[in-house]
Amino acid sequence: MFGIFLIICPLFIVIFSVAILRRYHVIRENWEPSLNQYVLTIGLPVLVFQSIAQSSISFLDEYELFLYNSIFLLCTFIISYSVGYIFHLSRKMRSTIIVCLMFSNVAYLGIPVLTQTYDHTVLPQISIIVTVYLLWFFSVIIAYLEYIKSSKFSEKVIIALFKNPIIIAAFCGIIVHALHIPIPEIITISLDMITDSVTPVVLVIIGLFIANPQHTTLREWGPVVYFSISTLIIIPTLYYFCLWFFGLTPGQYAISIIESAMPLAITPVAFADRYNLDKNFIVRSIIVSTLLSIITLPFLITFLQ
């Protein structure tokens, strides 16, 4: 448990340090739009391209892992959309929940937690799972958000989708990976520098956002707590029993189950303004789910072992 805390703690050190600097006017408020633009148009596209293109595994050899995680994400999307529709949530809130459920912290937190729990031999499996999440989020979910943004499906939605830098980066990554196109080392090093900047920049964006005075009540935190519990406990439990129900051994897919129990990633913050998502809900969910994961992840890992 303490090891997981040491992994998570630096995130909050950066976030709250930025928030303090902003409150004392060391950092200006107008930083946020520029940083958001950098993440969406440069940082994330490069990260997506690198994650897919540099993958050292064959998706054909690990098709079952790819397939089952894809089915899980598809079911997650259907369930989250259905819940929003049943409870008559606003379009804004429905989109927010879908984005939050589909983009858990499988890479930044998942990789160190799993390599610390097992060893580095699990990295190929983790790479597949992370790639599945990226492909689903930056294709189907972005397409859904573009559709919601336009209020109807038209050629403008399709054009906007194929002009999206992240979608372009994902397709380029797939082509490079499939055709084994070598990338010169000097270019790889440059791209790695950009990739390494994404997480710190998003942490700064979160710090700038929470520094703004917000008058909240306990009632407003209730949905955040319910959502966090669903993400950390209910979803991995459903995943476990679905594997068992279909005659599969959950223990063989422990890494997938643990990844499904990760807290909300910080990336959705960058999409809040572009797609009119509830940024308050996203930021609170990041904080609450990440703090609760210090308790839930050790219990889940112990159970699966």
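T41 counts as partly exposed, because its relative accessibility is 35%, where partly exposed lies between buried (under 20% relative accessible area) and exposed (over 50%), for a 1.4 Å probe and protein chains only. The model is predicted, so that local features need pLDDT of at least 70 and side-chain atom pairs count only at pLDDT 80 or more, whereas totals for chains, interfaces and linings use all residues. Residues are numbered from 1 along each chain as its sequence is written, and side-chain values use heavy atoms, with hydrogens and water left out.

The chain contains 13 helices and zero strands; helices are DSSP runs of H or I with at least four residues, strands are runs of E with at least two, and both are numbered from the N terminus. Of its 305 residues, 50% count as buried.

T41 belongs to helix α2, residues 31-53. Its side chain reaches the backbone oxygen of Q37 at 2.5 Å. T41 also lies 5.9 Å from P165, C-alpha to C-alpha, although 124 residues separate the two in sequence.

Both T41 and P165 take part in the meeting of α2 with α8. On the α2 side the residues include L40, L44 and F49, and on the α8 side they include I166, A169 and I174, a contact being heavy atoms within 4.5 Å. Helix α8 (residues 165-179) packs against α2 at an angle of about 20 degrees, with the axes 8 Å apart. The two helices are therefore roughly parallel, a term for angles under 35 degrees, taken from 0 to 180 degrees between N-to-C directions of lines fitted to C-alpha atoms over the stretch in contact.

How values were computed
Polar contact = N/O pair within 3.5 Å; in protein donor to acceptor, adjacent residues only side chain to side chain. Parallel < 35°, antiparallel > 145°, perpendicular 65-115°, else oblique.
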